[in-house]
Amino acid sequence: HIVPEMYSLERLTEVSSVINVLGEQISVTPNPGGGNAAFLDGDAQIEAILLCSNGIAYVLEENYIAPPSVLDRADDNDLYTTFIELAENSEVDKELDFTANVTLFAPDDAAFGKVSAPLLNKLKTPAYKYHLQDVLRMHYVIGNVIKSSGIKAGDKYTAANGEELTFTLPAANEVMINGVSKVVLADKESFNPGVFHGINAVLTPSWVGKKILEVAQAAGTFSQLASMVQSAGLVAALNGEGPLTVFAPTDAAFEQLKKDEPEVSATLASQTDLLKAVLQAHVVEGTWTAANFKTPGETPLTALSG
């Protein structure tokens, strides 16, 4: 917010931009309604002027001029428009703009061009907003400002979505992430603080391409549920196009049922129709995340069992 020279309001209205003490350009737009008022960085309007013995202070109305974040660094280059658009649509941009110590590895537009159109189109729909957030959060690390010069072969960092990023150095001045994506633009620093790197391939979370039943089986704690789904003939339903949300009982939950209600557990094992209805009671259409249940009170959902 500080410019290292004095600008009167008249002078501000005669220039298109000024440079602040960080070396960043602040755009200046005259008030379309006329007069001497001006807007800084598009929407920070000058409300009042304070004269000081060593300069001028302008009072800004409502908005403020934010220092460039890692996402702004991506925006400096026209090759990352898809990532920026997806970040804004999924509201991931807020985390990137206001979190300190962030390292962003953003895929360029050409990288998104390699992603299958059906998958990308699905991620852009409201029902899969949470999935899109997870994909984008696979591309940045919170709590570490990782410069290319500090990366060593075999380094591992945890991405914001909880998955692991593994770095290799296959050649001089070449950095690869998870063996699939190469850093093609490095070390664009931001002031929050953070650093932006451009990469040439989209990093995919472990769930991409896997249906609900496959994810449950891979988790290792839902083996009884997976077996019951097969016995009840619900494999096709859970492997369908979706979207579906499953409230999945763990193996421990089924063991507790055997202990507390042995007759109920035995009945489920012997009556397929009843087992099917009980399992369907744990499945609802649509995608429901923890964010949907933040408002106190009940949230009625209709299960597949009706």
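Let's start with helix α13, which spans residues 272-280: its buried residues are Leu275, Leu279 and Gln280. Look down the axis of α13 and those buried residues fall within an arc of 130°, so they line one face of the helix. What do they pack against? The buried residues of α13 pack against α9, α12 (262-270) and β14 (283-285). Keep in mind that this is a predicted model.

**The aromatic pairs**

How many aromatic pairs does the structure hold? There are three. Here are two of them, side by side.

| Pair | Centre to centre | Angle between planes | Geometry |
|---|---|---|---|
| Tyr80 and Phe196 | 5.2 Å | 90° | edge-to-face |
| Tyr157 and Phe167 | 5.8 Å | 85° | edge-to-face |

Take Tyr80 and Phe196, which form an edge-to-face pair. This pair links distant parts of the chain, 116 residues apart: Tyr80 sits in the loop between α2 (70-75) and α3 (81-90), while Phe196 belongs to strand β12, residues 194-199. Is Tyr80 buried or exposed? Its relative accessibility is 2%, and the cut-off for buried is under 20%, so Tyr80 counts as buried. Phe196 is buried too, with a relative accessible area of 0%.

Now for Tyr157 and Phe167, whose planes stand at 85°, so this pair is edge-to-face. Tyr157 lies in strand β8 (residues 156-158) and Phe167 in strand β9 (residues 164-171), so the pair ties together parts that are 10 residues apart in sequence. Phe167 comes out at 0% relative accessibility and therefore counts as buried. Tyr157 and Phe167 also belong to one aromatic cluster together with Phe105.

**The largest pocket**

As for where the lining comes from, α6 (117-123), α7 (129-137), α8 (212-219), α9 (223-231) and β13 (244-246) each supply at least two residues. Helix α8 gives the most, with five residues. Helix α9 turns up in both stories: the buried residues of α13 pack against it, and it supplies part of the lining of the largest pocket.

What is the lining like by class? You'll find 20 nonpolar residues there, along with nine polar and six charged ones.

Terms used
Residues are numbered from 1 along each chain as its sequence is written. This is a predicted model: local features need pLDDT of at least 70, side-chain atom pairs count only at pLDDT 80 or more; totals for chains, interfaces and linings use all residues. Side-chain values use heavy atoms; hydrogens and water are left out. Helices (H or I, at least four residues) and strands (E, at least two) are DSSP runs, numbered from the N terminus. Ala, Val, Leu, Ile, Met, Phe, Trp, Tyr, Cys and Pro count as nonpolar, Asp, Glu, Lys and Arg as charged, and the others, Gly among them, as polar. Buried means under 20% relative accessible area, exposed over 50%, partly exposed in between (1.4 Å probe, protein chains only). The arc is that of the directions from the helix axis to the C-beta atoms. Contact means heavy atoms within 4.5 Å. Rings of Phe, Tyr and Trp (its six-membered ring) pair if their centres lie within 6.5 Å; planes under 30 degrees apart count as stacked, over 60 as edge-to-face and the rest as tilted.
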